Amino acid sequence: MININRLREMKQNGEKIAMLTCYEASFAAMMNRAGVDMLLIGDSLGMTVQGHTSTLPVSNDDMAYHTACVARGNSQAMIVADLPFGAYQQSKEQAFAAASQLIAAGAHMVKLEGGAVMAPTVRFLQERAIPVCAHIGLTPQYVNIFGGYKVQGRGDAAAAVYNDAMAHQEAGAAMILMECVPSQLAKRITDNVSCPTIGIGAGLDCDGQVLVMHDILGIFPGKTAKFVKNFMEGQPNIQAAFEAYVREVKNKTFPAEEYQFLA
């Protein structure tokens, strides 16, 4: 069973971490057989499963339901569940209540979005036995602030993203996820934090990678991001696609240069 200590060992040993989004039991079992290390119940389910145009309508009850489904199909991967928009920003106490619901449903870690402003919440949860993955860079719950889904941390903005990572490390984050961040910046952050880093559109030098399951299978009807690779191409079935993803993450061939962003 993958746990926090194993993730730290993987970082120290240079063994890449393979993570995928997952929303139900059958796919959880398939990902286990493929060797996926971490299953993320992402609020991306709002778009991939529920058909919304963003992640914002997802509720914590939605997240708890899908977390429980995944947990029932899981045997060895670490389960991470997103705290959805509106479930944790009001107060640290609100965040603890929402996170506790997801842990009770079967999550081993929760993920929240935001920079240094969320570091006190990370510390509050960590001190109360809830491991936290801090999501920085492009944070989809901030889409109305960003004015769209755009690369974060280019040019003068790099310092702010770096400082966000350092604040979360200081607060005790168990893991840092970076989305749509230039590869050079992601490498600098990975080299300077003790916790594992996971990249999605953040280059090859992160300690691990995550993609949305529907994207790697080529079944999401919406626009495909630059960092997405369709792993179903050339594969006979879904199980083989999952195995191909794990293999390419582990042998450090994904993400290749065409799936990365430059400063």
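The legends below describe close-up views of a predicted model.

**View 1. Eight strands of the predicted model close into a barrel.** The strands follow one another in the order β1-β2-β3-β4-β5-β6-β7-β8, and their pairing is parallel. On average, and with direction ignored, neighbouring strands of this sheet are turned by 25° against each other.

**View 2. Strand β6 pairs with β5 and with β7.** Strand β5, residues 132-137, is joined to β6 in the parallel sense over five bridges. In this pairing Ala134 stands opposite Ile176 of β6. Strand β6 covers residues 175-179 and strand β7 covers residues 197-200; these two pair over four bridges, again in the parallel sense. Here Leu177 stands opposite Ile198 in β7.

**View 3. The side chains of β6 point to two sides.** In a regular strand, side chains alternate between the two faces of the sheet. Met175, Leu177 and Glu179 point one way from β6, while Ile176 and Met178 point the other way. Five of the five residues of β6 are buried, and the strand is thus described as mostly covered.

**View 4. Glu179 is a buried acidic residue without a salt bridge.** Glu179 belongs to strand β6. Lys111 carries the nearest side chain of opposite charge, 6.4 Å away. Beyond its neighbours within four places in sequence, Glu179 is in contact with His135, Ile136, Gly137, Leu138 and Pro140, as well as with Ile200 and Phe227.

View 5. Cys180 counts as buried because its relative accessibility is 5%, where the cut-off for buried is under 20%.

**View 6. The largest nonpolar core has 80 residues.** In soluble globular proteins, nonpolar side chains tend to be buried together. Leu83, Leu125, Leu211, Phe242 and Tyr245 are the residues with the most contacts inside this core. Helix α11, residues 238-250, supplies the largest share of the core, six residues. A second, separate core has 15 residues, among them Ile136, Tyr162, Ile176 and Ala202.

**View 7. Surroundings of Tyr245, one of the residues with the most contacts inside the largest core.** With neighbours within four places in sequence left aside, Tyr245 is in contact with Ala18, Met19 and Leu20, and also with Gln209, Val210 and Leu211. Ile216, Phe231 and Phe254 complete the list of its contacts.

**View 8. The segment after α11 contains Lys252 and Pro255.** Lys252 is not a glycine, yet its phi is positive, at about 65°. Lys252 counts as partly exposed because its relative accessibility is 44%, which lies between the cut-offs of 20% and 50%. Further along, Phe254 and Pro255 are joined by a cis peptide bond with an omega of about 5°. Phe254 is also among the residues in contact with Tyr245.

How values were computed
Residues are numbered from 1 along each chain as its sequence is written. This is a predicted model: local features need pLDDT of at least 70, side-chain atom pairs count only at pLDDT 80 or more; totals for chains, interfaces and linings use all residues. Side-chain values use heavy atoms; hydrogens and water are left out. Two strands pair if DSSP finds at least two bridges between them. Axes are lines fitted to C-alpha atoms, for helices over the stretch in contact, and angles run from 0 to 180 degrees between N-to-C directions. A nonpolar core is a set of buried Ala, Val, Leu, Ile, Met, Phe, Trp, Tyr and Cys residues joined through side-chain atoms within 4.5 Å. Buried means under 20% relative accessible area, exposed over 50%, partly exposed in between (1.4 Å probe, protein chains only). Contact means heavy atoms within 4.5 Å. Lys and Arg count as positive and Asp and Glu as negative; His and the chain ends are not counted. A salt bridge is a side-chain nitrogen of Lys or Arg within 4 Å of a carboxyl oxygen of Asp or Glu.
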